Amino acid sequence: MTQTVALVTGAARGIGLATARLFHAEGRRVVMLDRDGAELGRVAKELEGALPMICDVSRPEEVDAAVRQIVVKCVRLDILVNNAGVADFGPIADTDFSRWRRVMETNLDGVFLMSQACLPLLSRQGGAIVNIASISGLRASTLRVAYGTSKAAVIHLTKQQAAELGEVGIRSNCVCPGPVNTKLALAVHSPEIRAAYHDAIPLNRYGSEQEIAEVIAFLASEKASYVTGQVIASDGGFDSTGVGLP
Ligand code: NAD
């Protein structure tokens, strides 16, 4: 049987690494892409046959070079998970333009660029895109002008992709994680924010990387073959409560 190929961006740690591990366990060949070469080199050794690729998803020339390597080394691509992201907590008045651009370049431009570059490969046999947004893209808050706006745009980009790419056999769906204990969250979640999340989330806890990866893997799989353009919150029920983001 032909081995399918899955590309995961931001795969050196956190949700991306958990997703790469899960795809590997499913027998897929995994392309692990990250801009942090040192960390990537270390973790990629864990997964036999995985292809580590150093690339900044916000740089068009690096994205094109990475996809050219995939053509040469893997020949095909079945799954793209646009997971690489950066966090930023700040109100409008404190968010200068360079800070705004830094967030948009990775969280939004990166998803656009990587998806566009992978289209020729994905459309050869059909494939699945899974974009990682956030509950911050579903709810406005006083603290997340750049991050929340970038994630809301990723949700809409997912719907654009689903509308346009269905005819070439590409599905596109989006996962909106609630808080997960990764380096990204640890950097911006104060003790007060953590406590407020625990109280506000019906399941009263943060999620794990593995729990988010399972939802990503489902949307990427043939089990979801008639699912496209959907936005799934994996957030312990937070979005259903109507409570504001802490
Ligand atoms: P993380 O910081 O642990 O991992 C992110 C990875 O992406 C890192 O390895 C980093 O080097 C890489 N990366 C960042 N910018 C990049 C770029 N321009 N090019 C290539 N690689 C880049 O974060 P995480 O918590 O695992 O987050 C993964 C995704 O999930 C992000 O899109 C994030 O916004 C989203 N998310 C996370 C949470 C959470 O609470 N952790 C909640 C909602 C959404």
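A residue counts as buried if 20 or more other C-beta atoms lie within 10 Å of its own, exposed if 12 or fewer, and partly exposed in between, with C-beta atoms placed from the backbone. By that rule, 47% of the 246 residues of this chain are buried. Welcome to a predicted model, in which local features need pLDDT of at least 70, side-chain atom pairs count only at pLDDT 80 or more, and totals for chains, interfaces and linings use all residues. Residues are numbered from 1 along each chain as its sequence is written.

**Overall build**
- The chain has 9 helices and 7 strands; helices (H or I, at least four residues) and strands (E, at least two) are DSSP runs, numbered from the N terminus.
- Along the principal axes, the C-alpha atoms fill a box of roughly 50 × 35 × 35 Å.

- In β6 (residues 170-177), 8 of 8 residues are buried.
- In a regular strand the side chains alternate between the two faces of the sheet.
- Here Ile 170, Ser 172, Cys 174 and Cys 176 point one way, while Arg 171, Asn 173, Val 175 and Pro 177 point the other way.
- Strand β5 (residues 127-132) runs parallel to β6 and is joined to it by 6 bridges; two strands pair if DSSP finds at least two bridges between them.
- Ile 132 has Val 175 in β6 as its bridge partner.
- From β5 the chain passes through helix α5 (residues 145-165) to β6 in a right-handed β-α-β crossover, meaning that with the strands pointing away from the viewer, the path from the first strand over the helix to the second runs clockwise.
- Strand β7 (residues 231-234) is also parallel to β6, with 4 bridges between them, and Cys 176 stands opposite Ala 233 in β7.

**Around the ligand**
- Of the 28 residues around the ligand, Gly 10, Gly 14, Gly 85, Thr 182 and Leu 184 come nearest; a residue is near if its C-beta atom, placed from the backbone, lies within 6 Å.
- Helices α1 (14-25), α4 (97-125) and α6 (183-188) each supply at least two residues of this shell.

**Two loop residues**
- Val 75, in the loop between α3 (60-74) and β4 (79-82), has a positive phi of about 70 degrees although it is not a glycine.
- Asn 204, in the loop between α7 (191-200) and α8 (209-220), has a positive phi of about 55 degrees and is not a glycine.
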